[in-house]
Amino acid sequence: MTKVKVGLVQNTCVADKQENLEKAISGIKKAAGQGVQIVCLQELFTSLYFCDTEDYDNFALAEAIPGPSTDALCEVAAAHGVVVIASLFEKRAQGLYHNTTAVIDADGRYLGKYRKMHIPDDPAYYEKFYFTPGDLGYKVFRTRYATIGVLICWDQWYPEAARITSLMGAEILFYPTAIGWATSQDEDTNTEQYNAWQTIQRSHAVANGVHVVSVNRVGYEQDGAMKFWGGSFISNPFGTVLYQASHEDEEIVVHEINTAKSDVYRTHWPFLRDRRIDSYQPITRRFIDES
């Protein structure tokens, strides 16, 4: 099928893990009531964004994948015939953790996981303390409704990740995300940052001729020091924003896209045809400081 109803669940989060999970499941059910076929949840949706501090107690939030959260999501996926994209804190083994997204097909089958490849370390985003970089490579998942690629938050800034995932056959790129503004920041900086974040992802849509769905959390966390900016959006393969969510409110959005548009855009703007793959070897170097 080429016409697919994609959905996003943009939520606020609280400290209670079970409450967040139940809220996300409620959002999936509401989206299913609007006919959604593939629904994406925000990054690390079962908790507050805990990476603002380096605190060993936070490792208790992690779980196995598959595990309790995926079991609950498999049940709701099967009951409503929807594909679920669920970003979770994975405990792989004692002392080994990943920022991981599980993909569940519309019949409730767990299809697999993608582990976040690019791990940031910035003030209030101390992810390197918690997460081992992904070791599964880039992934696509052949679901009932479409072949999808999943990347996670900081992966958004890397055109290489979007390109490789698209070359593997992804028809839609999904980005579960947790990003916000420091409340001490001025409005001009806020606007510039959001525009950069959206622009880089829209550019992935254009360069690869695919739809992009980016899902962010919303609301104040970190004792009011951080405002997660929401602004989840859906872009077509030419970078046109088909829907943009609020910076303030929780939203459950369902929007129909047509994956056949990729063929039209890729034919008329044949970036994949004209790639000079013979010339790209230097991209594997950290920096080209020697001739």
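## Basis and terms

Buried means under 20% relative accessible area, exposed means over 50%, and partly exposed lies in between, with a 1.4 Å probe and protein chains only. The model is predicted: local features need pLDDT of at least 70, side-chain atom pairs count only at pLDDT 80 or more, and totals for chains, interfaces and linings use all residues. Residues are numbered from 1 along each chain as its sequence is written, and side-chain values use heavy atoms, with hydrogens and water left out.

Helices (H or I, at least four residues) and strands (E, at least two) are DSSP runs, numbered from the N terminus.

## Backbone exceptions

Leu-44 is not a glycine, yet its phi is positive, about 50°. The residue sits in the loop between E2 and H2. Leu-44 is buried, with a relative accessible area of 2%. That loop, between strand E2 (38-41) and helix H2 (68-80), also holds Pro-66. The peptide bond from Ile-65 to Pro-66 is cis, with omega near 0°.

Cys-153 is another residue other than glycine with a positive phi, here near 40°. Its place is the loop between strand E7 (147-150) and helix H3 (159-167). Cys-153 is buried too, at a relative accessible area of 6%.

## Cysteines

A disulfide is a covalent bond between the sulfur atoms of two cysteines. The rule used here asks for a pair of cysteine sulfur atoms within 2.5 Å. By this rule the count is 0 disulfides. Cys-51 is in no disulfide; the nearest cysteine sulfur, that of Cys-153, is 9.7 Å away. Cys-153 is in no disulfide either, and the nearest cysteine sulfur to it is that of Cys-51. Cys-51 is buried, with a relative accessible area of 0%.

## Helix H3

The buried residues of H3 are Ala-161, Ala-162, Thr-165 and Ser-166. They cover an arc of only 125° around the axis, so they fall on the same side of H3. The arc is that of the directions from the helix axis to the C-beta atoms. An α-helix has 3.6 residues a turn, so residues three or four places apart point the same way.

What covers these buried residues of H3? The cover includes strand E6 (140-142), E7, strand E8 (172-177), H4 and helix H5 (261-268). Contact here means heavy atoms within 4.5 Å. After H3 comes Gly-169, with a positive phi near 110°.

## Pockets

Rolling a probe the size of a water molecule over the atoms shows where empty space is left. The search runs on a 1 Å grid over the protein atoms alone. A cavity is a set of points where a 1.4 Å probe fits but cannot get out; a pocket is an open set with protein on both sides within 12 Å along at least five of seven lines. Lining residues have an atom within 4 Å of a point. Grid points are joined across faces, edges and corners, and a volume is the space filled by probe spheres set on the points. For lining classes, Ala, Val, Leu, Ile, Met, Phe, Trp, Tyr, Cys and Pro count as nonpolar, Asp, Glu, Lys and Arg as charged, and the others, Gly among them, as polar.

The largest pocket has a volume of about 680 Å³. Its lining has 19 residues, and Pro-159, Glu-160, Ala-161, Ile-283 and Thr-284 lie nearest the centre. The elements that give two or more residues are H3 and helix H4 (187-208). H3 supplies the largest share, 5 residues. By class, this lining has 9 nonpolar, 5 polar and 5 charged residues.

The second largest pocket has a volume of about 340 Å³. It is lined by 21 residues; Asp-122, Tyr-125, Trp-154, Ile-179 and Gly-180 lie nearest its centre. Strand E9 (180-182), H4 and strand E12 (226-229) each supply at least two lining residues. E9 gives the most, 3 residues. The lining divides into 14 nonpolar, 4 polar and 3 charged.

## Cavities

How many cavities of 30 Å³ or more are there? The count comes to 3. The largest cavity has a volume of about 60 Å³. Its lining is Val-9, Asn-11, Thr-12, Cys-13, Asn-20, Lys-23, Ala-24, Leu-41, Gln-42 and Phe-45. Helix H1 (residues 17-33) contributes the largest share, 3 residues. By class, the lining of the largest cavity has 5 nonpolar, 4 polar and 1 charged.
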